[in-house]
Amino acid sequence: MRGIRVDFQDTASYLTRAEWHPVLQGPLAEIWEPRTGDSLRLMVPKVEAAPDYSAMMKNLTTELARYEGRSPDQVREDIARQFLDITKLRAASEDLIDDTIPLQAGIALFESAKGLVTASAASTLMRQGNFGRNMPKRAISHAKQVRLGHTLQGSYILPIITEVRVPDVYSLDEGADVDPSLDLGVEEARFDRRVNTTMAHALQVLEEIAVRRGRIPSISDMRDAVAEGVSRELCDAISRVLTTGQVDNYDIDFDWAPAVMPPRLMAKRVDFPREAVFVVDEIASTLRRVERVEEQVIFGVVTNCAALLDEDSGRVTIKAAIDGRVRTVKFDLDWQSFSLASRCMTERRPVAVRGILHMPSGRQATMDVNGFGPDPSTMTLDEALSAVDMDSGHSQLRPPRETN
């Protein structure tokens, strides 16, 4: 994480999660101490533009490292990544790859990073088996903004770094009887985390059908995979590395930002051994040939749920960010999904809707829905509480401290 900017919000989040709290607050700095009652106190600088900011941060990490029994570099790295999702692409070969990599395989790894990001951004916007020349402009633009970190030790690891400073739910400040408003700035900021979530889930599905099942998936399986975010372009990004003949295993780790609620039910790691490339290529070839089915994915917040007792479905209204504008979209859901929509409305929780979108000029936008649920880029409250119950490290799900 060398060279990553560390600001006051990063430091405050780290200290809060490590059971520290502020005891003196001022416009330029704060004094923090452990909740355990230890006498140690730390001065936390707040103004990055101050000439002594770097020196004060160095002193802080040195003292904190001594307190935790770790190196200052380890502490600074953990502080720096509070609001960063880090996707680690690892090319491994017992004979050919250590801290260096053959040129051909290295080029393929970097090209794969771009392909994975672009394909995942495209599938965050639309579910399509083969984008080809119809790759959404926003997906191409998003890939240009993503940053790569320095390569890491451990075979050859390339980190993709994404900043995620977004709330998990919309504010309740409007009052319980007032529809939540959709903030285009917040929705734009959520896109990066949503792309990472699409990538993680799509690769998990691809691993399941290309590696774990041990057979060529059926056309039906492939169509189901497309609905989950798999595309020909995603398959090509994996194949590009495995077909060099110099990589025995291509695995991808997802390290979610500690200060932001993690996505829903995601695997932490996926693995693609070299022998899986035949099935991956077959899936890609099939998706290139089969009839293209286009489904749009929209994200928004539920503003109304209405239903009659004698009907078998309910009408849901959401506000969604579509093409840079806030649009109202209405659609019908079965009772189970309708109940979920009602709950999401109560909790002010963003939702994701997949289907065929109709936006006739000057008329109400509607959607034929094929998939509905809470926005998968963040856990629901129940999932978070369940994760805490199963995980002895309760502080992992601690929300960041609010700062001015």
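Arg269 and Asp253 form a salt bridge, with their closest N and O atoms 3.9 Å apart; a salt bridge here is a side-chain nitrogen of Lys or Arg within 4 Å of a carboxyl oxygen of Asp or Glu. The pair links distant parts of the chain, 16 residues apart, with Arg269 in strand E10 (residues 269–273) and Asp253 in strand E9 (residues 249–255). Strands (E, at least two residues) and helices (H or I, at least four) are DSSP runs, numbered from the N terminus. Arg269 is partly exposed, with a relative accessible area of 36%; buried means under 20%, exposed over 50%, and partly exposed in between (1.4 Å probe, protein chains only).

The model is predicted: local features need pLDDT of at least 70 and side-chain atom pairs count only at pLDDT 80 or more, whereas totals for chains, interfaces and linings use all residues. Residues are numbered from 1 along each chain as its sequence is written, and side-chain values use heavy atoms, with hydrogens and water left out.

**Salt bridges**

The whole structure holds 35 salt bridges.

| Pair | N to O distance |
|---|---|
| Arg70 and Asp78 | 2.8 Å |
| Glu187 and Arg190 | 3.4 Å |
| Arg269 and Asp253 | 3.9 Å |

Arg70 counts as partly exposed, at 28% relative accessibility, and Asp78 also counts as partly exposed, at 25%. Glu187 and Arg190, on the other hand, are both buried. These two residues lie 3 apart in helix H6, about one turn of the helix. Elsewhere, a network of salt bridges links Arg5, Asp7, Asp10, Glu48, Glu163 and Arg165.

**Nonpolar cores**

A nonpolar core is a set of buried Ala, Val, Leu, Ile, Met, Phe, Trp, Tyr and Cys residues joined through side-chain atoms within 4.5 Å. The largest one has 47 residues, and Leu116, Leu203, Leu206 and Ile238 have the most contacts inside it. Helix H6 (residues 184–212) gives the most to this core, with 8 residues. A second, separate core has 19 residues, including Phe331, Ala341, Leu357 and Ala365.

Contact means heavy atoms within 4.5 Å. Leaving aside neighbours within four places in sequence, Leu206 is in contact with Val211, Val230, Leu234, Cys235, Ile238, Phe272 and Ile283.

**Packing of H8 and H9**

Helix H8 (residues 232–242) and helix H9 (residues 277–289) have axes that come within 9 Å and cross at roughly 150 degrees. That makes H8 roughly antiparallel to H9. Axes are lines fitted to C-alpha atoms, for helices over the stretch in contact, and angles run from 0 to 180 degrees between N-to-C directions; angles over 145 degrees count as roughly antiparallel, under 35 as roughly parallel, 65 to 115 as roughly perpendicular and the rest as oblique.

On the H8 side, the contact is made by Arg232, Cys235, Asp236, Ile238, Ser239 and Leu242. H9 contributes Val277, Val280, Asp281, Ile283, Ala284, Leu287 and Arg288.

Thr11 is found in helix H1 (residues 8–17) and counts as buried, at 1% relative accessibility. Not counting residues up to four places away in sequence, Thr11 touches Val6, Val44, Met57, Leu60 and Ile79.

Ser123 belongs to helix H4 (residues 103–125) and is buried, at 0% relative accessibility. With residues up to four places away in sequence not counted, Ser123 touches Phe131, Thr198, Gly229, Ser231 and Val297. Ser123 and Tyr53 are 70 residues apart in sequence and 41 Å apart in space, C-alpha to C-alpha.
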